[in-house]
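The following is a walk through one fold, taken element by element. Please keep the coordinates open while reading.

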Amino acid sequence: MMAKKPPKPAPRRIFQERLKITALPLYFEGFLLVKRSDYQEYKHYWTELRGTTLFFYTDKKSTIYVGKLDIIDLVCLTDQNSPEKSCAKFTLVLPKEEVQLKTENTESGEEWRGFILTVTELSVPQHVSLLPGQVIRLHEVLEREKKRRLETEPPPIMPAEKEKEPVQDDVVAPDLMPACFYAVSRKEATEMLEKNPSLGNMILRPGSDSKNFSITIRQEIEMPRIKHYKVMSTGKNYTIELEKPVKSPTQKKEVRSLRKIHTRHEITWKLPP
């Protein structure tokens with residue numbers, strides 16, 4: 001059975017109307033079956049990936065979206081086994097909800113996975129089955145998204161000379177960082193843990209927004225598994241975004257709380273080789 005042809009883009013007039021709602025760049029579009037936490041069943045939407053946001057429309061010609069989903073803080077994308085061989089199913093695991101997606105065919109499923117992971121991880125995934133032309137599109141989108149983020153980031157505020165002496169309470173001094181801290185990206189942290197499991201299975205690293213932090217861990221309960229957690233600043237404290245947020249007075253205690261409460265003592269420090 002031949003794979004279905006990818007859906008044609010929305011008419012130019014509709015595209016122009018949607019630009020009046022958001023200026024976010026359009027990276028990919030097509031039909032998706034979506035099941036959010038408050039849905040009883042899947043809903044069929046024409047979906048646009050603009051920046052790191054999914055916009056949902058009732059059909060291809062609608063000019064007003066009926067819902068949207070910000071996926072910039074995507075924790076992971078997990079595949080689901082589907083009895084329907086002609087479609088692909090996967091779940092977007094976000095800090096506050098899990099969203100199930102289903103595509104009309106496996107080829108479009110691979111494309112959606114590729115584009116979503118590219119814009120959220122800021123790297124082209126290596127484990128998707130795409131044609132060379134599709135991979136080239138992913139690289140083009142990656143460069144556009146990097147440029148967009150640089151242009152939208154607010155300029156740093158330079159403090160006055162007299163304000164340089166006081167030390168802010170919510171700034172973590174380098175000598176107070178735990179031994180598992182590495183200034184690496186999400187992808188680099190994953191590679192470090194996979195290549196050197198004997199050296200530890202936790203890395204604390206800078207967050208994607210350059211203001212907060214993230215934790216990458218490697219667990220081996222039934223099979224090796226990489227997980228990522230956000231560590232958000234809440235003033236003088238830090239909160240790890242889990243099913244039940246954990247609060248600690250310092251960042252080092254935050255890491256130890258995660259290890260003690262949420263991982264059954266399976267986490268060890270990632271030490272320098």
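In this predicted model, β5 and strand β6 (residues 89-93) form an antiparallel pair held by five bridges. Within the β6 part of that pairing, Thr 91 is the residue that stands opposite Thr 78.

Seven strands make up an open sheet, with antiparallel pairing, and their order is β4-β3-β2-β1-β7-β6-β5. The edges are taken by β4 (67-70) and β5 (76-80); each has a single partner strand, so one side of each has no neighbour in the sheet. On average, neighbouring strands of this sheet are turned by 35° against each other, direction ignored.

A helix goes with the sheet. α2 lies across β1 (26-35), β2 (43-50), β3 (53-57), β5, β6 and β7 (98-102), and runs at about 115° to β1. Helix α2 itself covers residues 106-121, which is 16 residues. From first C-alpha to last, α2 reaches 22 Å, close to the 22 Å expected at 1.5 Å a residue.

How many residues of α2 are buried? The count is 13 of the 16, so α2 is largely enclosed by the rest of the structure; buried here means under 20% relative accessible area.

After α2 comes Leu 122, which has a positive phi, near 55°.

Key
Residues numbered from 1 in each chain as written. Predicted model: local features only at pLDDT ≥ 70, side-chain atom pairs only at ≥ 80, totals over all residues. Heavy atoms only, no water. Helix = DSSP H or I, 4+ residues; strand = E, 2+ residues; numbered from the N terminus. Expected span 1.5 Å × (residues − 1). Buried < 20%, exposed > 50% of the residue type's maximum accessible area, 1.4 Å probe, protein only. Pairing = 2+ DSSP bridges. Axes fitted to C-alpha atoms, helices over the stretch in contact; angles between N-to-C directions. Contact = heavy atoms within 4.5 Å.
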